[in-house]
Amino acid sequence: MKKEYLIGRTEECKRLNRCLKEDSAQLVIVYGRRRIGKTYLINEFFDYSFAFKLTGSFNQSRAAQLENFALEIKRKTKTECGVPANWTQAFELLREYLERLPKSNKQVVFLDELPWFDTHKSGFMPAFEWFWNDWASTQRNLVFVVCGSAASWMVDKISNNKGGLFRRQTCRLYLEPFTLSETEKFLDSKGIHWSRYEIAECYMIMGGIPYYLNLLDAALPLTQNIDNMFFKKKGELWDEFDHLYNTLFSNSENYIKIVGILSKKRSGYTRNEIAKNVKMPANGKFTRILNNLVASGFVRVTSFYGNKKKESVYQLSDYYTNFYFSFVREKYGKDQHYWSKAIDNPSRRAWSGLVFEQICKDHTDQIKAKLGISGVLTEEYVWSSKGDEDLGIPGAQVDMVIDRRDRVIDLCEMKYSVRSYIIDKSYDEDLRNKIASFRESTGTNKSIQLVMVTTYGVKENKYSGIVGNQVLLDDLFKE
């Protein structure tokens, strides 16, 4: 199988190889955020060699989908084939075709964008369940791959199916965005050799989404690339936001309202706070929307440390969505060189600092590796306290608390800077207050260590001694 063009995805390829070696039918589920590279992974891994492949069409009728199905059967069999009247007949045609193929070879079937087949009253899922249980699951040489960007649909209808596909899948792959390390390799493969500081800035805008990264022009600097892609009229990503949410979610307006609210507060909101802000009842439908956003990788949910009565906090975790609300929505079309001109804009500097915190949270494994605790059981939390005026304890907040089984708690501070970060008297007082407030309000008797995660380290001075350990930007690029 051809994999030389794949960046990362090492574990996914290992798992797919295992499926090929199994002496039983394999139902492989591949899902993840739109633009993440699911189709590319399957195409490259199987060298574009499929016994049958069909891609669902967005917002098309059952009749149109069935016609596409019949056309693909016709191409494969090189014989005339009438359009099936329903999905049961369609899968019967597929069965008849596959039965004629050599049993000695692995036969790979790939249905891409599976949720788009399942239109209203289409009967697709019952027909697929029948096809799999009645025949496909008994074919030892069959590898059946289903793929979709609507992560919530893939989980509900396939992975957690309580009907005919209950516990039938043999492999489930959820594709994550590229890490910083994988992003660096991807850019290198395109002839883009930027500094890690520039790569981090690029990551803040589009995350590790291969589709977006592939649009970058190696002949242009980062700022000009961003201007061309986001701020130039009719640039390649000028209409990405609406397309992204409309194709992923039905009733996308409610999803957009929620991510819009979350974009306004980096520390996030609780479930009830979100419902209040978007003026939606906090019922089951609302919970499902939140869960879908989390399953699709757009929102992160984190627990509060040391307060079991508090709800979890929801934070916007999709870099592109954050960038859209921070800059693109208001600035698009007004100045096609906006990003180049805003290099020293205070709002851009503030945004960089906030999004760097998100990068750190997405690279917790790398932080733990630098701290030498990769083998230690840990849990990550957020923490905040309003303080207590009577006790003279001011309010404080820590965006990442690493609670370690070895009875140490790491309070992580993240600072994005163009040079070594300088701790002055004021910030020293703030840090000491955080540590004292954390210990006082949580009542912990564990050791507390302050960890500074910065781009180029903390400059040594009379205040830097408060730092127990440091993690640099280079450390976040480790595999």
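Reader: What follows H18, and is its phi positive or negative?
Author: Gly 372 follows H18, and its phi is positive, near 75°. Helices here are DSSP runs of H or I with at least four residues, strands are E runs of at least two, and both are numbered from the N terminus. This is a predicted model, where local features need pLDDT of at least 70, side-chain atom pairs count only at pLDDT 80 or more, and totals for chains, interfaces and linings use all residues. Residues are numbered from 1 along each chain as its sequence is written, and side-chain values use heavy atoms, with hydrogens and water left out.

Reader: Which residues of H18 are buried?
Author: In H18 (residues 364-371), Thr 364, Gln 366, Ile 367, Lys 368 and Leu 371 are buried. Buried means under 20% relative accessible area, exposed is over 50%, and partly exposed is in between (1.4 Å probe, protein chains only).

Reader: Switching to strands. Why call S3 largely enclosed?
Author: Because 6 of the 6 residues of S3 (residues 107-112) are buried, the rest of the structure largely encloses this strand. Gln 107, Val 109 and Leu 111 point one way, Val 108, Phe 110 and Asp 112 the other way, and all are buried.

Reader: Which strand does S2 join, and are the two parallel or antiparallel?
Author: S2 (residues 52-55) runs parallel to S3, with 4 bridges between them; two strands pair if DSSP finds at least two bridges between them. Leu 54 stands opposite Leu 111 in S3.

Reader: And how many bridges join S3 to S4?
Author: There are 5, and S3 and S4 (residues 142-148) also run parallel. Val 108 has Val 143 in S4 as its bridge partner.

Reader: OK, the core. Which members of the largest one touch the most others?
Author: Met 206, Phe 230, Leu 293 and Phe 323, out of 99 residues in that nonpolar core. Helix H8 (residues 196-206) gives the most to this core, with 8 residues. A nonpolar core here is a set of buried Ala, Val, Leu, Ile, Met, Phe, Trp, Tyr and Cys residues joined through side-chain atoms within 4.5 Å.
Author: Apart from that one lies another core of 40 residues, including Tyr 31, Leu 66, Phe 69 and Cys 81.

Reader: What does Leu 293 touch?
Author: Leaving aside neighbours within four places in sequence, Leu 293 is in contact (heavy atoms within 4.5 Å) with Tyr 245, Phe 249, Tyr 255, Ile 258, Val 259, Phe 298 and Val 299.

Reader: New spot: where is Glu 182, and what does its side chain reach?
Author: Glu 182 lies in helix H7 (residues 180-189). Its side chain reaches the backbone nitrogen of Thr 179 at 3.0 Å. Not counting residues up to four places away, Glu 182 is in contact with Ile 7, Gly 8, Arg 9 and Pro 177.

Reader: How far is Glu 182 from Lys 478?
Author: Their C-alpha atoms are separated by 9.5 Å, although the two are 296 residues apart along the chain.

Reader: Last one, zooming out. How many helices and strands are there?
Author: The protein chain has 20 helices and 13 strands. Of its 479 residues, 53% count as buried.

How values were computed. A polar contact is a pair of N or O atoms within 3.5 Å; within protein, one must be able to donate a hydrogen and the other to accept it, and residues adjacent in sequence count only if both atoms are side-chain atoms.
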